[in-house]
Amino acid sequence: MATNNAEGRREDAFIKQRAQNREEYERQKQTLINETEKSRPSVNKFVGQNDSMEETLKNQTIGLVRLEDFQQRRKELEEAKAREAARTNELKDETRRVKKRKKTKATLSFAMDDEGDVEGDTSSRQTPEVENGEQASKRAKFRKNPNVDTSFLPDREREEAERKERERLRQEWIRRQEELKQEEIEITYSYWDGSGHRKSVVCKKGDTISTFLEKCRQQFPELRGVSVDNLMYIKEDLIIPHHHTFYDFIINKARGKSGPLFNFDVHDDIRLLADATKEKDESHAGKVVERSWYQRFKHIFPASRWEIYDPEKDYGKYTIA
């Protein structure tokens with residue numbers, strides 16, 4: 001019994017010692033980590049503090065976000081950035097004016113006086129026993145010349161008026177663009193399943209490609225069981241993503257591989273003389289295709305020519321062969 005008690009006490013002592021050793025090890029480990037972090041240069045030392053609009057948009061639209069919410073959030077960030085830029089310009093101008101005011105000393109006079117008047121004023125300053133009325137008349141000559149053009153000088157009221165005018169013009173431009181997006185256009189397209197079935201649909205310029213495909217889906221009974229996500233719109237041999245709007249192509253005069261992306265009617269180049277150095281003037285009907293059909297026949301013409309539209313890519317000019 002005594003032997004068992006001694007072994008129990010010895011085991012408890014070993015357990016307590018191991019716990020103390022573990023705590024000491026963790027303490028030393030944490031000390032080394034802290035010293036290493038102090039000696040290591042900061043990761044964010046050379047990183048800008050102000051995220052770009054794209055980074056802010058990514059951070060605020062993490063996960064699954066509806067397209068309308070994404071576009072609304074992007075529009076709000078663009079307006080906030082524009083207002084911030086206007087305020088930044090005002091602060092810079094104000095700081096520049098303050099610095100210039102500190103450096104400039106009001107020792108110059110624009111008075112157009114004769115040499116005799118200047119000499120008389122100098123003598124009046126040198127004689128302290130001149131009467132007060134005469135001193136006041138001499139000092140009155142040192143004033144700004146109203147005939148000098150001072151439009152280049154800082155003027156807070158004028159700059160505030162200019163800022164308000166810029167803001168008014170910006171709001172006017174936004175209003176006009178919204179009116180342009182509400183205008184209706186007729187879009188000629190062809191449902192392509194190996195052969196063309198041409199129809200037309202009326203949309204607004206601000207509508208997205210997905211809205212356009214939804215209207216096309218209602219015109220063909222065989223497409224009513226197909227979701228919009230399984231439909232594709234091909235214009236001038238380019239696969240147009242669903243989030244683009246017709247307004248984007250019209251305002252940017254976007255061009256495809258075989259014609260303009262901003263013309264949605266159908267017409268041919270009817271010039272009498274074909275000149276290979278001049279750009280062709282023709283527009284083709286866009287194709288509405290099921291995604292499953294494209295996956296089966298993408299190695300065969302014309303699907304083999306199609307590629308996804310990239311707004312940053314220059315597809316060059318399309319000329320008469």
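Start by selecting Tyr189, Tyr191, Phe212, Phe220, Tyr233 and Phe246, which form one aromatic cluster. Rings of Phe, Tyr and Trp (its six-membered ring) pair if their centres lie within 6.5 Å; planes under 30 degrees apart count as stacked, over 60 as edge-to-face and the rest as tilted. This is a predicted model, in which local features need pLDDT of at least 70, side-chain atom pairs count only at pLDDT 80 or more, and totals for chains, interfaces and linings use all residues. Residues are numbered from 1 along each chain as its sequence is written, and side-chain values use heavy atoms, with hydrogens and water left out.

Nine aromatic pairs come out by the ring rule. Zoom in on Phe212 and Tyr233: their ring centres are 4.9 Å apart and their planes stand at 70 degrees, so this pair is edge-to-face. Phe212 belongs to helix α7 (residues 209-217) and Tyr233 to strand β3, 21 residues apart; helices (H or I, at least four residues) and strands (E, at least two) are DSSP runs, numbered from the N terminus. Phe212 has 0% relative accessibility and so counts as buried, a word that means under 20% relative accessible area, with exposed over 50% and partly exposed in between (1.4 Å probe, protein chains only).

Next, show the strands. β3 (residues 231-235) runs antiparallel to β5, joined by four bridges, and Ile234 stands opposite Lys287 in β5. β1 (residues 184-192) pairs with β5 (residues 286-290) in the parallel sense over three bridges; two strands pair if DSSP finds at least two bridges between them. Pick Tyr191 to find its bridge partner in β5, Val288.
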